[in-house]
Amino acid sequence: MNPSTALAVTLADELIRCGMTDAVVAPGSRSAPLAMELFTRAQQGDVRLHVRIDERSAGYLALGLAKASRRPVCVVCTSGTAAASFHPAVIEADESCVPLLVLTADRPPELRGTGANQAIDQIKLYGSAVRWFCEVGAPEAQPGMVGYWRSLACRAWGVAAGTTGGPGGPAGPVHLNLAFRDPLVPERQTGGQEEAGGQGEADSPAAGQAGQAGQAIREVRAGRGETGPVGGRNKAVDGRGAERVGRASLKAAPLKAGPRWPEALAGRSGGAPWTTFGRTWTAAPLELPWTERGLVICGDGDSDTDAVRELAESAGWPILAEPSSGARRGPNALSAYDYVLGCSPVFMSEHRPDVIISAGRPGLSRLQTMLYRSAAARGLAPRGGGPDTPRTRPPARHIVLSRQPGRWDDPSRTASDVVPAVRLTGAPGRASAWLESWLRADVAARRAADEVLDAEPGLTEPRLARDLTAALPQGALLWAASSLPIRDLDHHMAPRDGLRVLASRGASGIDGTTSAAIGAALAHQAAGGGPAFALLGDLAFLHDAPGLFLGPGEPRPDLCLVVVNNDGGGIFSLLEQAAFPGPFERVFGTPHGAGVAQLAGAAGLPYTRLEKWDDLPGALVGHGLRVVEARTTREAGTALRARLQEACRAAAGLEAATPPTARSGSTSS
Ligand SMILES: Cc1ncc(C[n+]2csc(CCOP(=O)(O)OP(=O)(O)O)c2C)c(N)n1
Ligand SMILES: [Mg+2]
């Protein structure tokens with residue numbers, strides 16, 4: 001067996017033992033050993049393989065798969081600029097703690113820096129965006145390599161998954177740079193058929209060697225240990241969630257090394273990984289005495305939302321949850337909190353919290369940040385104090401929940417405690433006036449916003465966000481694009497169960513949206529989840545056009561891409577740039593006139609144009625990957641959002657007169 005094949009076979013086998021169910025490959029020659037091995041393991045049913053032409057799309061596909069499945073997914077490419085094209089997905093995976101295993105093929109060291117074709121400096125290519133980088137080194141036929149590769153694969157897996165408890169910290173991307181020397185294909189491939197096992201050529205010495213090497217490869221793929229029975233790891237989940245056991249796992253036999261390979265390639269017996277890790281983040285929960293004026297705020301991310309919701313409900317605290325937090329559920333969740341925070345200074349001054357518990361990354365509402373700051377600044381005297389310093393209440397305690405050590409979200413820099421969990425003591429277990437007051441304000445804002453939305457006969461972006469999330473079936477997944485789609489959901493999505501909302505909010509890029517949504521949909525459905533949908537703007541849709549083009553053999557999700565086409569970047573009309581008519585349209589608005597229908601057609605995808613509200617439920621029905629376009633205009637969207645703010649301000653003015661309780665309402669700061 002040649003060294004490149006030995007490394008690829010062993011690495012793939014060990015990752016499958018660790019639990020890898022999906023692998024993404026982009027085409028190239030230097031990565032051939034891994035691509036061919038993953039193809040073979042996929043044929044055996046040990047892993048699901050996805051192939052994409054564009055590495056940026058491939059990276060985001062892996063990101064979506066890993067995010068929805070919460071397990072590492074590997075993504076493989078050749079050397080050169082191909083590896084650089086993974087960078088956006090690596091950054092997003094870093095920022096949003098998604099376990100991604102980036103396997104870049106490279107030229108061996110003797111070809112680097114020589115002007116050799118397609119050789120660039122790939123060492124630490126992704127800088128500090130990865131939890132761990134390893135230059136694996138060119139494989140050589142020496143004793144000890146197998147333990148090295150197998151333990152390396154486990155370490156990469158554990159660091160990506162965030163389970164090592166080590167310096168890597170929480171889940172995130174890991175980069176292995178793999179130097180492959182020629183030959184890049186298995187011996188049998190040069191003279192015979194891959195799966196023939198050399199039988200047809202067994203008479204020649206060379207063919208005999210190749211035949212034995214083929215035998216060694218097959219036995220590794222079969223998960224055979226040197227001493228024990230075959231393990232249970234070589235199974236994969238198919239597109240509909242059924243587990244398939246690899247055919248080779250049914251037999252056991254001792255492993256023979258190939259003729260030129262000095263040691264057995266097999267892993268541990270029983271199909272076990274070389275190394276397993278235990279979680280070490282076992283810090284005790286914080287004991288928190290109950291207080292009436294508490295708020296729970298949830299941003300994007302994979303928090304323990306059941307625990308957060310339970311806490312809020314037992315304490316009688318409102319939940320202000322972004323759509324992709326997973327916590328916008330239950331009776332305490334607000335649906336129009338941004339309007340409440342923004343539209344009534346009187347309400348806010350009367351409703352300052354004494355404790356805020358936050359989880360996840362806040363990124364959608366500037367007002368949220370202001371809320372943290374104003375609550376935390378209360379009672380902090382300027383140096384030397386002064387007669388006007390408000391000292392009636394101490395600053396609010398801001399407790400940040402972090403599932404892993406070493407990383408937490410606190411952009412307002414107001415955290416007073418960072419803890420894994422909170423145990424509340426002394427909660428009265430009944431609804432409080434505080435909660436009722438927040439809920440009343442939320443209902444008032446919601447009603448005012450709904451009246452404005454319903455009065456508009458034409459298609460509008462905010463109403464689409466509201467009606468889409470209300471219409472989606474139980475068990476559905478919704479991928480929300482950056483820019484206005486996720487913000488419109490934040491303003492208008494009613495709390496509900498049975499809908500999983502995911503988004504790339506780590507770096508909030510508009511790139512890779514379609515591919516990430518496809519990946520998330522595939523993982524969601526492999527785990528038995530329902531249909532998937534994505535809400536994205538026209539620029540996000542165009543940005544990842546290559547993500548629409550799936551080869552005939554590729555796994556396809558049941559995913560409806562709902563494209564809101566306002567012919568450009570609508571969000572900029574809401575920002576300060578809009579006040580500069582000279583450069584605005586060309587530099588920020590970026591109209592393009594592209595045909596969404598034509599692009600869908602070029603990719604062979606079914607297309608529906610949504611013309612009116614009554615047609616929305618019907619437009620969402622369908623199977624497979626498909627596109628629904630809703631055309632809107634940026635001007636109308638901007639005017640509508642201004643009307644929504646105005647209506648909520650008026651509604652909040654009416655409601656604000658009622659402080660929650662005489663006791664708490666009398667002491668604002
Ligand atoms: C990769 C990347 N490039 C640029 C941006 C800056 N950006 C933020 S929103 C936006 C416009 C998005 O337009 P569209 O997807 O049509 O959504 P709309 O705002 O119209 O709802 C741009 C260019 C970004 N976030 N990510
Ligand atoms: Mg747009």
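## Backbone at Pro183

The loop between strand 6 (173–179) and helix 7 (187–191) holds Pro183. In this predicted model, the peptide bond that leads from Asp182 to Pro183 is cis, its omega being near 0°.

## Strand 4 and its partners

Strand 6 also takes part in sheet pairing: seven bridges join it to strand 4, and the two run parallel. Within this pairing, Leu103 has Leu176 of strand 6 as its bridge partner. Strand 3 (residues 73–77) is likewise parallel to strand 4, with five bridges between them. Here Val76 is the residue opposite Leu103.

Strand 4 (residues 100–106) is mostly covered, with seven of its seven residues buried. Leu100, Val102, Thr104 and Asp106 point one way from the strand, while Leu101, Leu103 and Ala105 point the other way; all of them are buried.

An open sheet is built from five strands in the order 11-10-12-13-14, paired in parallel. Strand 11 (319–321) and strand 14 (417–419) are at its edges and have a single partner strand each, so each has one side without a neighbour in the sheet. On average, neighbouring strands of this sheet are turned by 20° against each other, direction ignored. Helix 9 (residues 305–315) packs on the sheet and touches strand 10 (294–298), strand 11 and strand 12 (355–359). The direction of helix 9 makes about 160° with that of strand 10.

Ile399 has Asp417 of strand 14 as its bridge partner.

## A β-α-β unit

Strand 16, helix 15 (residues 484–492) and strand 17 form a β-α-β unit that is right-handed. Its strands, strand 16 (residues 476–480) and strand 17 (residues 499–502), run parallel and are joined by four bridges. In this pairing Ala476 is opposite Leu499.

The shell around ligand 1 has 15 residues, of which Leu484, Gly537, Leu539, Gly569 and Gly570 come nearest. By class, the shell contains five nonpolar, eight polar and two charged residues. Helix 17 (residues 538–543) contributes the most to this shell, giving three residues.

Ser508 is not a glycine, yet its phi is positive, at about 55°. Ser508 sits in the loop between strand 17 and helix 16 (513–526). Because 18 other C-beta atoms lie within 10 Å, Ser508 is partly exposed; a residue is buried if that number is 20 or more.

Thr590 is also a residue other than glycine with a positive phi, near 45°. The location of Thr590 is the loop between helix 18 (581–589) and helix 19 (596–602). Thr590 has 14 C-beta neighbours inside 10 Å and therefore counts as partly exposed.

## The chain as a whole

The secondary structure of the chain amounts to 22 helices and 21 strands. Of its 669 residues, 52% are buried. When contacts between residues at least 6 apart in sequence are considered, 77% join residues at least 24 apart.

Technical notes:
Residues numbered from 1 in each chain as written. Chains lettered and ligands numbered in written order. Predicted model: local features only at pLDDT ≥ 70, side-chain atom pairs only at ≥ 80, totals over all residues. Pairing = 2+ DSSP bridges. Right-handed = clockwise from strand over helix to strand, strands pointing away. Near = placed C-beta within 6 Å. Nonpolar A, V, L, I, M, F, W, Y, C, P; charged D, E, K, R; others polar. Buried ≥ 20, exposed ≤ 12 C-beta atoms within 10 Å, placed from the backbone. Contact = placed C-beta atoms within 7 Å. Axes fitted to C-alpha atoms, helices over the stretch in contact; angles between N-to-C directions.
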